[in-house]
Amino acid sequence: MRSIIVVGIGPGSIEDMTAAVRETLRTADIVIGYKYYFQFISCYISSHTKCIDTGMKKERERAEKAFEIAEQGHQVVVISSGDAGIYGMASLIYEMKYQRGSDIDIIVHPGISAFQKAASLLGAPISHDFCVLSLSDLMTPWALIERRIKAAAEADFVTAVYNPRSNERYWQLDMLREIFLNEGRHPDTPVGYVRQAGRDGETVKITTLASLDTKDIDMLTVIIIGNSQTMALQCDNGRDKNVMITPRGYYANENPPSGGLGGAIMTQSFRTILSGMKRPNIPIDKRWLMLHAIHTTADFDMEDILHIDDEAPARIFESINSGKLKTIVTDVTMVVSGIRKAALSRLGIEAKCYLQDSRVAEMSEKYGITRTQAGIRLAVEEHPDALFVFGNAPTALLELCELMRHGKAHPIGVIAAPVGFVHVKESKYAVKSFSDVPKIIVEGRKGGSNIAATLCNAIMTLDDAEQIKPGRDF
């Protein structure tokens with residue numbers, strides 16, 4: 001009989017209590033627990049059972065009392081809400097056994113945890129990798145809790161949050177949300193929260209990370225934050241028309257990303273890049289170009305050197321959609337080679353480089369300019385309102401600036417990514433001064449034909465940005 005049985009009584013409802021726990025309570029002689037929890041087990045307690053209750057934050061006192069009684073030859077049942085091993089009494093009982101050097105047998109009967117009950121009410125949000133955090137800093141330093149929050153957000157875990165907010169701890173939940181957003185979790189990530197799960201007064205709500213009203217949360221609430229795959233769907237389940245679902249991947253092969261295996265790899269790369277960006281929540285058109293730039297260069301410095309005018313990608317894309325943009329002009333043929341041919345065909349756009357034009361050599365020799373400069377002069381004569389893209393030649397970019405300055409060129413947009421050491425920075429400063437022209441500029445000495453082309457591709461597939469797909473023309 002000398003034993004302590006630690007039981008998890010579940011979140012509160014009789015239906016959520018396991019058969020083993022119910023039977024243990026029926027036959028118990030002595031039950032020890034937090035006084036609030038006895039209301040949930042009263043129907044299983046017999047008249048001969050001795051109940052010993054204590055107030056909040058008296059866990060050590062309850063444990064010590066359990067050992068004192070058990071060591072006198074009795075079997076003692078210690079109750080814990082939810083599961084006794086999850087923020088419950090089980091660990092304290094085991095610690096105290098070894099601290100006391102006690103020979104009392106310890107038995108643990110698990111229960112349904114509050115986050116499991118909350119998840120079932122919300123739909124199926126924890127059907128993939130997840131973690132559970134408590135924001136209570138009574139026994140854990142906040143600095144450590146903050147590190148764990150950041151790790152959970154960075155690793156894209158579905159995250160359940162216990163003890164989210166109290167009268168004294170009113171700012172921690174806001175900080176958690178800020179950390180999740182800063183670590184790349186999308187503002188529209190589904191967030192569900194359940195108050196009094198499994199008890200009278202139960203309420204279930206689904207919102208988004210950006211819209212979460214932290215003032216609607218208290219200590220009786222469990223929050224579940226979805227990962228990057230979690231969806232909020234319309235589904236009448238008898239309580240709410242919205243449910244949260246985190247897919248396991250059963251349908252992944254039936255709806256593969258565009259571009260087959262290569263598209264799937266690129267999509268995965270984009271999601272990896274997004275989780276590693278310092279500022280993932282920039283406007284979606286800028287974020288889309290940033291993902292392409294980092295993917296092409298494997299260089300997160302692009303976050304600091306890729307200058308994108310406000311709404312520049314969206315403005316250029318609108319010119320494409322309206323049919324206004326018919327021509328893309330590049331400084332070198334390598335840029336044309338990197339632009340997706342399927343996208344050009346679908347959108348009715350021609351990509352041209354004038355370097356091979358027979359007139360270029362003659363003009364270059366006549367005026368003492370580079371061949372790329374001559375190519376831009378010819379291009380402006382025929383397509384003054386093209387999208388101009390530079391991946392190699394700063395002299396060509398400077399030429400376009402001069403033609404714009406004299407009113408001869410009126411580009412729909414400029415992508416400026418010449419690379420090198422001579423006149424490169426100057427050419428980018430020059431084009432940056434034209435405030436009325438939508439511009440994307442790789443600042444400094446970095447650039448190249450590959451990134452110039454990929455920025456073109458990003459703009460042409462801007463309508464795939466929300467889904468973070470590589471684009472239908474991949």
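**Salt bridges, a sheet and a helix**

Student: Is Lys286 buried or exposed?

Tutor: Buried, because its relative accessible area is 16%, under the 20% limit. Keep in mind that this is a predicted model.

Student: Which residue does Lys286 form a salt bridge with?

Tutor: Asp310. The closest N and O atoms are 2.6 Å apart. The pair links distant parts of the chain, 24 residues apart. Lys286 sits in helix H8 (residues 284-297). Asp310 is in the loop between E14 and helix H10 (312-321).

Student: And Asp310, buried or exposed?

Tutor: Exposed, at a relative accessible area of 61%.

Student: How many salt bridges does the structure hold?

Tutor: 20. One of them joins Lys205 and Asp216, with the closest N and O atoms 2.8 Å apart. Lys205 is in strand E10 (residues 203-208) and Asp216 in the loop between E10 and strand E11 (221-225), so the bridge ties together parts eleven residues apart in sequence. Lys205 counts as partly exposed, at 36% relative accessibility. Asp216 is partly exposed too, at 31%.

Student: What about Glu399 and Arg377?

Tutor: Their side chains meet in a salt bridge, 2.6 Å from N to O. Glu399 lies in helix H15 (residues 394-405) and Arg377 in helix H14, so parts 22 residues apart in sequence are tied together. Glu399 is buried at 7% relative accessibility. Arg377 is partly exposed at 24%.

Student: Where does H14 lie?

Tutor: Helix H14 (residues 371-382) lies across strand E15 (327-330), E16 and E17. H14 runs at about 170° to E17.

Student: What order do the strands of that open sheet take?

Tutor: E14-E19-E18-E17-E15-E16, six strands with mixed pairing. The edges are E14 (306-308) and E16 (350-353), each pairing on one side only. From one strand to the next, the twist averages 15°.

Student: How many bridges join E17 to E18?

Tutor: Four, between residues 387-390 of E17 and 413-416 of E18, and the two strands run parallel. Leu387 stands opposite Gly413 in E18.

Student: New topic. Which residues of H2 are buried?

Tutor: Arg62, Ala63, Ala66, Phe67, Ile69 and Ala70. They share one side of H2, because their arc around the axis is only 165°.

Student: What covers them?

Tutor: The cover includes strands E1 (3-8), E2 (30-34), E3 (50-54), E4 (75-80) and E5 (105-109), along with helix H3 (90-100).

Terms used: Residues are numbered from 1 along each chain as its sequence is written. This is a predicted model: local features need pLDDT of at least 70, side-chain atom pairs count only at pLDDT 80 or more; totals for chains, interfaces and linings use all residues. Side-chain values use heavy atoms; hydrogens and water are left out. Two strands pair if DSSP finds at least two bridges between them. Axes are lines fitted to C-alpha atoms, for helices over the stretch in contact, and angles run from 0 to 180 degrees between N-to-C directions. Contact means heavy atoms within 4.5 Å. Buried means under 20% relative accessible area, exposed over 50%, partly exposed in between (1.4 Å probe, protein chains only). The arc is that of the directions from the helix axis to the C-beta atoms. A salt bridge is a side-chain nitrogen of Lys or Arg within 4 Å of a carboxyl oxygen of Asp or Glu.
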